[in-house]
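User: I'm new to reading protein models. Please walk me through one, feature by feature.

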Amino acid sequence: MGPIVGVIANPVSARDIRRVVANAASLQIADRANIVLRVLAALAACGIEHVVMMPEHGGIRGHVMRGIERSRNQGETRFPHLTHLDMPVTGTAEDSARAARLMHRAGVAAIVVLGGDGTHRAVVKECGRVPIAGISTGTNNAFPEHREPTITGLAAGLAATGRVPAKVAFASNKRLDVVVGERPAEIALVDVAFVTDSYIGARALWRTETFRELFVTFADPEVIGMAAIAGLIEPVGRREAGGMMVSLAPAATARTVLNAPIAPGLVVPVGIDDWRRMPAGIPFHPHLAAGSVALDGEREIFFDGREPVSVTLTADAFRTVNVPAVMQFAATHGLLRAGASLLATALA
Amino acid sequence: MSTNPFPLDKADLMKAYRTMRTIREFEERLHVEFAKGDIPGFVHLYAGEEACATGIMMHLTDVDRIASTHRGHGHCIAKGVDVHEMMAEIYGKATGACRGKGGSMHIADLAKGMMGANGILGAGAPLVCGAGLAAKFRGDGGVGVTFFGDGASNQGMVLESMNLAAVWNLPVIFVVENNGYAESTSVDYATAVDSYVDRASGFGLPGVTVDGTDFFAVYEAAGEMIRRAREGGGPALLECKMVRFFGHFEGDAQTYKAKGENDYNREHRDCLKIFAARVREAGVVTAEEFAAIDREVGALIEDAVASAKAAPLPTARELTTDVYVAY
């Protein structure tokens, strides 16, 4: 049997309070299913015959199966054989993590992820060295790159079938590890923020007066969310060594005030006291005595000063499909030319 | 004593707990009393869902109006309806909130802004559009909040109300209490548009999904929505994902639920336990203070049941009083 590709599509990303406190999008379930169908068609076009998906109760599965059935009724063979993992569905981030763990165990060649930063974080926690290809269907989407999903599907397929050498196809990524006392370590793919709210509540971050410290794996001035703050001070690339640490304060008392896009459509003053580069492997300890830790923009853990807290940047922590590099390679090596590959039969 | 890390002060944290505990005690007791056969009609219990009603109602005052469902006891208590009058109403007694003529599914108290529990699924949605329109004309800053279940969200009038609220920019919040079952039909089977937030998006309303077993998640999201609506920011939809500990109605054999589902939910997804543990661990309210509230609420419900049982039934002469309104 040829390589299997996994698909984890989160039905509940892009559903939080940022639809009210900002103008965040709310991608409909039918649109998410449509994205999955585009990805499946692209994977099949690259010769992927079997795809395994995370089951969910949000409705994506029903739309996808209906789409495949309709295509089959018309005599088309555009889609690979699709199965769903046998696992319980909780409707929480645990589903994405569990699906990633099972796919990792099953030896899938790559995992295509539909979600925002939180979904990608849940997958990366459990996928080991299996490369992921991210599609942004969340709120801030600082981690997954914005791109037509068909292209992401093609790149994942070309990478998974081995037709693009691994050193070209896959990129390594940085990660932040957060340890609070004796609790199990948590990770973040883009940013870890320390805020004064000591409750998780609606999770999202938008009250800038509560922001105190920020750690980022990369600082891209083109992203939104907490990482935008670092990105607009001193850009740090995704592939560059090290990350960045920023000391934040209420805008009224801060040394510098930056207007930063911290959520879709929400460009607000953020107070900045200081910043510095963050080398990999060295634990940083926040100064805030009590509050909560937000991972990739969502409050996840609260702490009260009784437990030590550390944040450490890890280099080469997980792999992603390098979509631009794969597509460039495909172009220069004629991988998508008719007759050059399985593509011709898949499209016939 | 630690500093309070929560968005509510100690008095409000205790008030929230007291409200949730009152709802729980009220419903658990009704479960026992209903089985004795003294209560007429049907009762639909809210136990397990308390954080939703309470997290929202903590932001409302008597000027704000709510419209409830057939599962309305929790909404009534959280909105401030007198527990004695509610219990008497459920027993069909003359001292009840509606003089014993409404029963469990029609408890109303306009002075408290409670427009009524409602036996017609989804019927609260157009009512709060009216309340929202009135508030807008009066300029009193009031909001209307309607609750409905995952099943009722398929009703046409709910969708029509969302459209009306959107085009008139009404201060209205639509709350989907998603406990996973429309009576006994799983959500997975019965709903073609799979996300309630998608429904809202179709009308241009922002929709938010929260864990309805987490009081603070509901409180924070509802607070932002209600503030926005009061300021003229328009309607929104809040979906609270939660669990109900009992059946659809009392007497429901619940054969559609998985084995052990209720036990699991009581152990791991009990909003009251989650709230109390979090607040206690933070050192803001002590176990003894919570226990004192438990005792106080226990006595309140005991007295409400005893009073309701002892109260007289309405007489035949009162059959048509308070039923029709003269214009």
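User: What do strand 4, helix 5 and strand 5 of chain A make together?

Analyst: They make a right-handed β-α-β unit. To judge the hand, point the strands away from you: the crossover is right-handed if the path from the first strand over the helix to the second runs clockwise. The element names are DSSP runs, numbered from the N terminus: helices are H or I with at least four residues, strands are E with at least two. Keep in mind that this is a predicted model, where local features need pLDDT of at least 70 and side-chain atom pairs count only at pLDDT 80 or more, while totals for chains, interfaces and linings use all residues. Residues are numbered from 1 along each chain as its sequence is written, and chains are lettered from A and ligands numbered from 1 in the order in which they are written.

User: How many bridges join strand 4 of chain A to strand 5 of chain A?

Analyst: Five, and these two strands run parallel. Two strands count as paired if DSSP finds at least two bridges between them. As an example, A:V113 has A:G134 of strand 5 as its bridge partner. Strand 4 (residues 110–115) is also joined to strand 1 of chain A by five bridges, again in parallel. There, A:V5 stands opposite A:A110.

User: And which strand does strand 1 of chain A join through four bridges?

Analyst: That's strand 2 (residues 50–53), which runs parallel to strand 1 (residues 4–9). In that pair A:G6 has A:V52 as its partner. Strand 2 then pairs with strand 3 (residues 81–84) in the parallel sense, over four bridges, and one of the pairings is A:V51 with A:L82. With helix 3 (residues 60–73) between them in the list, strand 2 and strand 3 of chain A give another right-handed β-α-β unit.

User: Which faces of strand 4 of chain A are covered?

Analyst: First the idea: in a regular strand the side chains alternate between the two faces of the sheet. In strand 4 of chain A both faces are covered. A:A110, A:V112 and A:L114 are buried on one side, and A:I111, A:V113 and A:G115 on the other. Here's the cut-off: a residue is buried if 20 or more other C-beta atoms lie within 10 Å of its own, exposed if 12 or fewer, and partly exposed in between, with C-beta atoms placed from the backbone.

User: Why is helix 5 of chain A called largely enclosed?

Analyst: Because eight of its ten residues are buried. Among them are A:D117, A:H120 and A:R121, along with A:V123 and A:V124. Just after this helix, A:G128 takes a positive phi of about 60 degrees.

User: Which residues have the most contacts inside the largest nonpolar core?

Analyst: The general rule is that in soluble globular proteins, nonpolar side chains tend to be buried together. A nonpolar core is a set of buried Ala, Val, Leu, Ile, Met, Phe, Trp, Tyr and Cys residues joined through C-beta atoms within 7 Å. The largest one here has 209 residues, and A:A110 and A:I111 have the most contacts inside it. Helix 2 (residues 29–45) of chain A gives the most to this core, twelve residues. A:A110 touches A:V5, A:I132 and A:V321, among others, leaving out residues up to four places away in sequence.

User: Into which domains is chain A divided?

Analyst: Domain 1 covers 4–172 + 318–347, and domain 2 covers 174–316; such bounds come from an automatic or database domain assignment. Their C-alpha centres lie 28 Å apart.

User: How many residues does the contact take from chain A and from chain B?

Analyst: It takes 23 from chain A and 25 from chain B. On the chain A side, helix 1 gives the most, with three residues.

User: Where is A:D316?

Analyst: A:D316 sits in strand 15 (residues 309–321) of chain A. Its phi is near 45 degrees, a positive value in a residue other than glycine. A:D316 counts as exposed because it has 11 C-beta neighbours inside 10 Å.

Note on methods:
Contact = placed C-beta atoms within 7 Å.
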